[in-house]
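I opened my notebook today to look up a few things in a structure. Here is what I wrote down as I went along.

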2 protein chains.
Amino acid sequence: MRLQSEKKVTVRDKVIGGPDLLICLPLVAETLADLLSQAKELKALAPDLLEWRIDGYGGVEDIDDSLEALRQLRATIEDIPLIFTCRIDREGGMKKIGREIRLRLITAAVDSGLPDIVDIEMRNETDFIEAVKKTAAGSGAKLILSYHNFDETPDEAFICGKLQQAQELGADIAKVAVMPKGYEDVLTLLSAALKARVKSLKIPMVTMSMGAEGGLTRLAGGLFGTDITFAIGKTSSAPGQIPIAILRQAMTALYV
Amino acid sequence: MRLQSEKKVTVRDKVIGGPDLLICLPLVAETLADLLSQAKELKALAPDLLEWRIDGYGGVEDIDDSLEALRQLRATIEDIPLIFTCRIDREGGMKKIGREIRLRLITAAVDSGLPDIVDIEMRNETDFIEAVKKTAAGSGAKLILSYHNFDETPDEAFICGKLQQAQELGADIAKVAVMPKGYEDVLTLLSAALKARVKSLKIPMVTMSMGAEGGLTRLAGGLFGTDITFAIGKTSSAPGQIPIAILRQAMTALYV
């Protein structure tokens, strides 16, 4: 029986932090046509959630273009819960985007009511985080506050601290993604997630160890307190993701 | 890339401790007819190894009957490497079998040259272990010395110690199977296996956390130094085993 979160976050008909580990598929596309055709393909795989990584989109710096794409994306995926994410280069994102244009894009997207969840990095300035939080509160979108480290795996206390910090900053969901240098680091991430879940964290969380060595956490993380895992539908958005069909089949054996 | 053992053990064409995590399927059958029909079915699944748990066999206390069954089993499975194991009740086995008859059965089986590997518990008396070791040395069979704990998961140092003890007692392969009380114990087993593999153990090993919670170690253990995993072909021989088809598919995603 997997560990559940004390607080649940419900988006459309999906309960994040409930009995099931949810599967999210990333949408990464340069053009609107690609985005929509990918969205159709991924919808057919019936994921629990989709995440649009808008930093992979060619028109990301044109807010009108991006909002129109978001509208068409929503019409295509119908009622699948959608995470809206715009990471910049230093956060592991695909583009360098100026702070102001990024903040305007994210708040406009969240304000449109089209995404169900928005994910931003905790390393953003306080006023940036507060502006997104306020807009999300207004439109009813849920907030993921995330920490990414593409270089290494900090120690257990640091990881627990980041999850706790997300909760204290008012996130609905806390996220930590770190890079292992060996299998010991993979155990550190799983152990930190388990401790946070059991001891301090009341909100749902998303944690993973990235890269090939961390692939295991994308499958087993749900047993250690993780509530959403990212899998490959058509393309991956981070190293170590597993194809959704393999993930689902393995989950039938491990989540009993 | 999974961790390999410094020493390899080759039985027929299979390298234990090499680049691949090997899959072993257990044979558990009350009658000879069942044993042979099960053996045929399992052979079709092309496992790397088979293990005959003779303690599940009705004729286990009749040495002639058992040896004849072993001969027919070998003829059926042809050149699939075979582990011969007779556990008694206090070792998690299926029957209470007297010490003398058990020792005679095991040494006769090993002496026949039909099994490639024999597995006995380290808790057996020194003279028992020495007698099996000597017979195995004579017939060329490899020796697994194992530690099982169906009640709990001892700490990391204890588990590493048991693996080390098997090596010092002259085992070709060390085995530890323990029962978790929660997911923390699952991490303890994986961490102990990894430490043993990296720091002290030169021979191949088989480690697992049992039960539903430990299922993960049957899939991922190979990344942490385990060289053989037990899966379900037709029947399981211990709690938490995963069906071979699911295990294989998940391995394609994790062992990269």
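**Entry 1: where the chains touch.** I counted two residues as in contact when they have heavy atoms within 4.5 Å of each other. This is a predicted model, so I kept that in mind throughout. With that cut-off, I found that chain A gives 22 residues to the contact and chain B gives 22 residues. I then looked up the area: about 2100 Å² is buried between chain A and chain B, and 79% of it is on carbon and sulfur atoms. Which residues of chain A lose the most area to chain B? I noted Tyr183(A), Leu187(A) and Leu216(A), which together make up 30% of what that side buries.

**Entry 2: what that side is made of.** I looked for charged pairs next, and the count between chain A and chain B is 0 salt bridges. On the side of chain A that touches chain B, at least two residues each come from H6, helix H7 (211–220) and helix H8 (244–254) of chain A. I sorted that side by class and got 17 nonpolar, 4 polar and 1 charged residues.

**Entry 3: the largest pocket.** My next search was for empty space. Rolling a probe the size of a water molecule over the atoms shows where such space is left. The largest pocket holds about 270 Å³. Its lining has residues from chain A, including Glu156(A), Leu187(A) and Lys195(A), and from chain B, including Glu156(B), Leu187(B) and Lys195(B). Leu187(A) was already in my first entry, as one of the residues that lose the most area to chain B. Helix H6 (183–199) of chain A and helix H6 (183–199) of chain B each supply at least two lining residues. By class, I wrote down 2 nonpolar, 4 polar and 6 charged.

**Entry 4: the second largest pocket.** I found about 200 Å³ of space here. The residues lining this pocket include Met1(A), Pro19(A), Asp48(A) and Tyr255(A). I sorted the lining into 7 nonpolar, no polar and 3 charged residues.

**Entry 5: one salt bridge.** Searching the whole structure gave me 34 salt bridges over all chains. I picked one to look at: Arg71(A) pairs with Glu68(A), and their closest N and O atoms are 3.2 Å apart.

Note on methods:
Residues numbered from 1 in each chain as written. Chains lettered and ligands numbered in written order. Predicted model: local features only at pLDDT ≥ 70, side-chain atom pairs only at ≥ 80, totals over all residues. Heavy atoms only, no water. 1 Å grid on protein atoms, 1.4 Å probe; cavity = no way out; pocket = protein on both sides within 12 Å on 5 of 7 lines; lining within 4 Å. Points joined across faces, edges and corners; volume = space filled by probe spheres on them. Helix = DSSP H or I, 4+ residues; strand = E, 2+ residues; numbered from the N terminus. Nonpolar A, V, L, I, M, F, W, Y, C, P; charged D, E, K, R; others polar. Buried area = accessible area lost by both parts, 1.4 Å probe. Salt bridge = Lys/Arg side-chain N within 4 Å of Asp/Glu carboxyl O.
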